[in-house]
Amino acid sequence: MTAFSKYKETIFGWLRIVFGLLIFALGVHMTIRANLGLAPWDCLGMGISYHTPLNYGLSMTAMAVIILIIDLLLKEKIGFGTIIDALLTGNFVQLFNDIDPFPETKSVWAGVIIIIAGLALMAIGQYFYMLSAQCCGPRDALLVGLGKRLHKLPIGAVQVILWGTVLLIGWLLGGPVGIGTIVSTFGSGIVMQIIYHIIKFEPRKIEHKSVIDTVKQLKSTE
């Protein structure tokens, strides 16, 4: 592979990540717009925005950067995708919040449908993001890092503890909690599995490249 081809492949990978995050962010906006309560991390981000000069997007970005630093301290694998995710996702969601392209929901059932549609878009966005194979987002890396250190607990239990803690802090800060929180928290994995089954995508087969791996690949000459 020539140097030009390597740079082209990497840049197209970054563009794919950005595109995937844009779709993911639209899905997150839909879960917010349903006005039935937010998923744990979004609840925390919204709660932080109520007590600081930061809007939701900047709150999520600041939180993602802090989590990214924790991931590094936990010596988790960090790729360019992790960094791009930390810097862009929250701001993309804020962009959709500002544009607000969807009408206000009039019923709980309509809100639930919008949340499920949002979860589907989030799964599709993650699909494009993961195709670049440049590592998972900061929050997923944190879960993996904590899971390694709490190895006596199943990873599902670690996730419950992490999400429960995040949700509690978000709620104490005034973040919206409701039926949408339950749908988002427990429905995201189900919707993702359905979407990936339909498109025949298995994320566990992807071999992710860290920042160091990517840089070495670009520097290598063949």
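View A. With a relative accessibility of 3%, Cys135 falls in the buried class, because anything under 20% relative accessible area is called buried. This is a predicted model, and here we zoom in on the loop between helix 5 and helix 6, where Cys135 sits.

**View B. Asp100, another non-glycine with positive phi.** Asp100 isn't a glycine, yet its phi is positive, at about 50°. You'll find Asp100 in the loop between helix 4 and helix 5 (108-131). Buried or partly exposed? Asp100 is partly exposed, with a relative accessible area of 32%.

**View C. Helix 6 against helix 7.** Here helix 6 (residues 138-149) packs on helix 7 (residues 155-172) at an angle of about 120°, and their axes are 9 Å apart. That angle makes helix 6 oblique to helix 7. The crossing of the pair is right-handed. On the helix 6 side, Leu142, Leu143, Leu146 and Gly147 make the contact, and helix 7 answers with Ile155, Val158, Gln159 and Leu162. Sort the residues of this contact by class and you get six nonpolar, two polar and no charged.

**View D. Helix 3 against helix 4.** Helix 3 (residues 56-73) and helix 4 (residues 80-99) have axes 7 Å apart and pack at an angle of about 165°. That puts helix 3 roughly antiparallel to helix 4, since the label goes to angles over 145 degrees. Once again there's a right-handed crossing, this time of helix 3 and helix 4. From helix 3, the residues in contact are Tyr56, Gly57, Leu58, Met60, Thr61, Ala64, Val65 and Leu68; across from them, helix 4 brings Thr82, Ile83, Ala86, Leu87, Gly90, Asn91, Val93, Gln94 and Asn97. In this contact of helix 3 with helix 4, the tally is 10 nonpolar, seven polar and no charged residues.

View E. Staying with helix 3, we now pick out Ser59. What lies 2.8 Å from a polar atom of the Ser59 side chain? The backbone oxygen of Asn55 does. Leaving aside residues up to four places away in sequence, Ser59 touches Gly45, Ile48, Ser49, Thr52 and Leu54.

Note on methods
Residues numbered from 1 in each chain as written. Predicted model: local features only at pLDDT ≥ 70, side-chain atom pairs only at ≥ 80, totals over all residues. Heavy atoms only, no water. Axes fitted to C-alpha atoms, helices over the stretch in contact; angles between N-to-C directions. Helix = DSSP H or I, 4+ residues; strand = E, 2+ residues; numbered from the N terminus. Parallel < 35°, antiparallel > 145°, perpendicular 65-115°, else oblique. Left-handed = near helix turned anticlockwise from the far one by under 90°. Contact = heavy atoms within 4.5 Å. Nonpolar A, V, L, I, M, F, W, Y, C, P; charged D, E, K, R; others polar. Polar contact = N/O pair within 3.5 Å; in protein donor to acceptor, adjacent residues only side chain to side chain. Buried < 20%, exposed > 50% of the residue type's maximum accessible area, 1.4 Å probe, protein only.
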